[in-house]
Amino acid sequence: MMDILHLGGLHIIEDLQELFRGREHYMFVWSQIGDPANAFVVFFPLLFCISARWGIKLLWITAIAEWLNLCLKWVLYGERPYWYALELMNTTEQLTPVVDQFHITCETGPGSPSGHAMVTGPVWFVLVSALLYKLKQFFWQDKEKHPKTLVVLVWLAFSIFLILVGVSRLHIGAHFPHQVIAGTICGLLLAGIFTKLSLCDIQLRYYILLTASLFLGSLLIYLSLVTMGHDPHWSVKKAIKFCMNRDWVHMNTVPFHTLARLTGAILGLGIGLRTTRILSPIRTKHPIEVKLLSASLSITLYKFVESVPLPLDPLEVFYVLAFIKNTLLPFLVVAVVPYVSWFLIRRLHLLPFVNLNLKSKLA
């Protein structure tokens, strides 16, 4: 059954690659926009600084979706098209589909279900929900004047976006169609559950408990696979063996790096929220200029830290540093950046030309 799915998927991928021959960069863009790392690097710092409630929800759903995706990949042992096509070519004399490789093709984790589909779906579900909530809050308070057509168009755009991300994953040879479909279904189910939960008042001890549970749960699956004689790193070895260019092998898609990222993010969020409650027990809303500056500083901070490569050897040090980095960044975004932004804006308002502008507005 799986061989039929894989062979049929290879033919679809071959047709897609032929269809977009010479226009591959369009598919690269959609695949990169749908990268789960964007939820940590761009969308969380941006959304949290604008709305803490939705930012917290976004990071939670991203971490849970990534963890479930990691566990399912370990258990399901999904192949990836770019290595499966070469293996099939080496083991059969029949004519087999040819799958091209690109610089973003050679991911190292197992293929099923698609992480891009499973994480991008709920992440953008939260983003769209937050957008519509804010529009209703400020512009559509009268339900009778609620522009239902616009809401339908927004969700239609969301659906088209998910389709484009899924097609891009097929085109680059990173996933089979059934893997993308499975990831999309799982992600949307998670989105439907988590967007209804209230996550703002969870105490630090529960963040620590969740972090430990996610880590120990992953470790239990890993050790169970080793005990049963399976190699949890089999996909990494295949990626290194069958990738046409060694520089294209993405070690940040190794399962343990994903685990370090998601557990660090959850712990850092919990510590940051606890710190803000200690420093400022009375919650106040920041003015819009503070929010915008906080968002800009947070994204710049994330982008800068992400641009600094971590040492890959030994791998244990790489994982530990990745965990520390991903714990520190959410903490800074939650507990430090808003206060820095508030201080800078306050100092800016003390400048003479700014005071003049403020007075003219008040007049």
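A disulfide is a pair of cysteine sulfur atoms within 2.5 Å. I begin with that criterion because the cysteines come first this morning, and because a sulfur pair must lie within 2.5 Å to qualify. Please bear in mind that the model before you is a predicted one.

How many disulfides does the structure hold? The count is 1. The bond runs from Cys106 to Cys243, with a distance of 2.1 Å from S to S. It connects distant parts of the chain, 137 residues apart: Cys106 is in the loop between α5 and α6, and Cys243 is in the loop between α10, residues 234-242, and α11, residues 255-279. The torsion about the S-S bond of Cys106 and Cys243 is about 85°, and the disulfide is therefore right-handed. Are these two cysteines buried or exposed? Cys106 has 0% relative accessibility and so counts as buried. Cys243, at 9%, counts as buried too.

Let me turn to two further cysteines. Cys49 is itself buried, with a relative accessible area of 9%. For Cys71, the closest cysteine sulfur belongs to Cys186; the separation is 12 Å, so it is again too far for a bond. Cys71 counts as buried at 8% relative accessibility.

Next, the backbone. Ser112 and Pro113 are joined by a cis peptide bond, with omega at about -5°. Pro113 is found in the loop between α5, residues 81-91, and α6, residues 115-138. Tyr77 belongs to the loop between α4, residues 52-76, and α5. With a relative accessible area of 27%, Tyr77 is partly exposed.

I come now to the aromatic residues. The structure holds 19 aromatic pairs. In one of them, the ring centres of Tyr82 and Trp83 are 5.4 Å apart and the planes stand at 70°, so the pair is edge-to-face. Both of these residues are buried. Phe125 and Trp155 make a further pair: their ring centres are 5.1 Å apart and their planes are at 45°, so the arrangement is tilted. This pair links distant parts of the chain, 30 residues apart, with Phe125 in helix α6 and Trp155 in helix α7, residues 148-171. Trp155 counts as partly exposed, at 25% relative accessibility.

Which residues form one aromatic cluster? They are Trp74, Tyr222, Phe256, Phe318 and Tyr319.

Charged side chains also meet aromatic rings. Arg53 lies over the face of Tyr133, at 4.8 Å from the ring centre. Lys57 is placed over the face of Trp54, at 4.8 Å from that ring centre.

Leu297, Val336, Val340, Trp342, Phe343 and Leu344 make a nonpolar surface patch of about 500 Å². Which helix gives the most to the nonpolar patch? That is helix α13, residues 315-349, which supplies 5 residues. Leu344 is located in helix α13. This leucine, Leu344, is partly exposed, with a relative accessible area of 42%.

Methods: Residues numbered from 1 in each chain as written. Predicted model: local features only at pLDDT ≥ 70, side-chain atom pairs only at ≥ 80, totals over all residues. Heavy atoms only, no water. Patch = residues over 30% accessible without salt bridge, like charges linked within 9 Å, V, L, I, M, F, W, Y side chains within 5 Å. Areas by Shrake-Rupley, 256 points an atom, 1.4 Å probe, with all protein chains shown as cover. Salt bridge = Lys/Arg side-chain N within 4 Å of Asp/Glu carboxyl O. Helix = DSSP H or I, 4+ residues; strand = E, 2+ residues; numbered from the N terminus. Buried < 20%, exposed > 50% of the residue type's maximum accessible area, 1.4 Å probe, protein only. Phe/Tyr/Trp six-rings, centres within 6.5 Å; stacked < 30°, edge-to-face > 60°. Lys NZ or Arg CZ within 6 Å of the ring centre and 35° of its normal.
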